[in-house]
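Here are my notes on the model you sent. Please read them with the structure open beside you.

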Amino acid sequence: MSSNGFDPETVRARYRAERDKRLVPGRADIRDLTRDEHFAGYRADPFTPVAERDPVTDEVDVVIVGGGIAGVLAGAQLRKAGVERIRIVDQAGGIGGTWYWNRYPGVMCDVESYIYLPMLEELDYVPRDRYASGEEIRLHLEALAERFDLATDALFHTGVTEASWDDEGARWRVQTDRGDELRARYYVLAVGILNLMKLPTIAGMERFAGHSFHSARWDYGYTGGRPGEPLTGLGDEVVGVIGTGATSIQCVPALADAARHLYVFQRTPSAIGVRGNRPTDPGFAATLRPGWQQDRMDNFQAVMLGRAVDADLVDDGWTQHYAAVQNPPRHEGMSIGDYLRGAEEIDFGIMEEHRSRVAELVADPTIAEILKPQYRYTCKRPCFHDEYLAAFNRPNVTLVDCPAGIEQVTERGPVIDGREYEVDCLVYATGFEAELTPLFRRAGHDVVGRDGTLAERWADGASSLYGMMVRGFPNLFAMPAPGQQAVVTVNYTQLAVFGAEVVGRLVGLLEAKGVRRCEVGAEAEEAWTQKVVDSFVDASHHLSACTPSRINMEGHPENANPRNGNYGRGFGDYFAYRQLIEGWLDRGDLDGLELQ
Ligand code: NDP
């Protein structure tokens, strides 16, 4: 045993036992909320009334599907490239994407605001706090949309039903659920990764007679209050929240303050690190030099990839813990066994810190035990919060341990181990079909190319050039995202910023060359796909020891498809990816594309 109490066999056995409690059949079954009739009301927009309007029939230069970070940034870069007619289409009632929909109490981004809010320099804006509220992010995206005039022509509360390529006219034809018929020279998919709400399948859930909603459509009409303010309508209500991920931990403190009683139904505890939010230092802006935001993003990304940096500028749980676990020390001549054991010990030390924090903040040792995460740090997405754990010290808050999930829901509430928990309101904080859901499903409509749909084309896995262009789908650009042959960055904004620059520069080049139709060549697509497949590392042995989560395909990492991987090992090498594509754009010959 090591000095920090690390005994690999004991720790592994503990983690395995906790994993096995959760590895139950059907744990990942979901109701398809994109078409579920019973829960159709969960899809409705509680924030903006839907306004009647006439269908639009017209031709534009670019249709962008999605008005979140990726769509707004793509629009901004297209404007910079001189594109005039841009139409954003979004099911939401306004700009913001995930930050439009997620307005639950306490919603914040746990990636530092100075690197998460894009284009701060262009807007001459400095975020109020180290971590920004959802509202501040949404307003910032609105301000960006205004700066680049992207909202005026946008079609909100509008879902694309089909987009098809007309080869003769060299146009995309886009139909919507509002009867619109748009034609566009370019089609940009900026549909997001957190756009599909995940609703688990729980026996009897449709019988529940109380009020219920998904956290991504927070019903302030029922709870009272508004984001950032107390929930005033719950004084007599018993509330149940299902889920204990990044969303739940943010809304639980507000619910605990407001509800007569709160039940938190926990399947797997999250690792809750220190958030340490604080107001932005008034002198901060004066220290900034042009280009500072890109430098800061790069510094964060370098730390996350284990590169040497002069200083860790962000210096938070991501850079201290996540980066340490992702990049354990490796010395020349070290055996693989020593390397893996070293990695395991570092992980153990960090998880012990998290478990000690629970013991410090939660008074009742039995409750604290249930809240302690017993798995390796990167088995689940880590969380950061400073008020969540203490909420369990309140007499009106009960933690309900249900590692195998909720047995059933009756008309009165959830049942666990035969006990019924009667609640007035159920909040499903059960997350999203994130990251591993293929682009064609997240797009939510058939994208019909030259010879069939994207779903058909990607039935056996992705194929692309740079994770952004697909053969058979001319003049279409997909914003880079996980599972799509690009790279993954913890700070999603960094990837979106780059993807938008690529779209802007590429369209600029195509326009300058007078190109009508641009399609990836078969060889270029094959070569890129092969690169992605070659860099795939089969981590299923390591990942199968993890508690089930989306990171290990809910306990079945062997199902990972190498074609849906990244450029570079693991999450991919962002810097190499950027350098490669920038070099390609700098050369300007657009090698690999068939241009007409
Ligand atoms: P998560 O997927 O992280 O959490 C869903 C929760 O619901 C989990 O605790 C899960 O348990 C639980 N759950 C699911 N099905 C059942 C069931 N049948 N019975 C009981 N419990 C169930 O969703 P979130 O919305 O919290 O977050 C999704 C993603 O959104 C995050 O990973 C992150 O990428 C992003 N996010 C980012 C934030 C930020 O600050 N940057 C804030 C919020 C979200 P189990 O763990 O066992 O699966």
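**Notes on the predicted model**

1. The backbone oxygen of Ala-462 is 2.9 Å from a polar atom in the side chain of Gln-485. A polar contact here is a pair of N or O atoms within 3.5 Å; within protein, one must be able to donate a hydrogen and the other to accept it, and residues adjacent in sequence count only if both atoms are side-chain atoms.

2. This is a predicted model, in which local features need pLDDT of at least 70 and side-chain atom pairs count only at pLDDT 80 or more, while totals for chains, interfaces and linings use all residues. Residues are numbered from 1 along each chain as its sequence is written, and side-chain values use heavy atoms, with hydrogens and water left out.

3. Where does Gln-485 lie? Its place is the loop between β20 (476-478) and α15 (492-513); helices (H or I, at least four residues) and strands (E, at least two) are DSSP runs, numbered from the N terminus. Gln-485 counts as buried because its relative accessibility is 0%. Buried means under 20% relative accessible area, exposed over 50%, and partly exposed in between (1.4 Å probe, protein chains only).

4. Beyond neighbours within four places in sequence, Gln-485 is in contact (heavy atoms within 4.5 Å) with residues including Ala-462, Tyr-466, Trp-528 and Arg-563.

5. Ile-416 belongs to strand β15 (residues 414-416). Is Ile-416 buried or exposed? With 4% relative accessibility, Ile-416 counts as buried. Not counting residues up to four places away in sequence, Ile-416 touches Phe-265, Val-400 and Tyr-421, among others.

6. Which atoms lie by the ligand's oxygen atoms? A polar side-chain atom of Arg-27 is 2.9 Å from one oxygen atom of the ligand, and a polar side-chain atom of Arg-267 is 2.9 Å from an oxygen atom of the ligand. For Met-108, a backbone N or O atom lies 3.0 Å from a ligand oxygen atom. The protein covers 90% of the 900 Å² of accessible area (Shrake-Rupley method, 1.4 Å probe) that the ligand has on its own.
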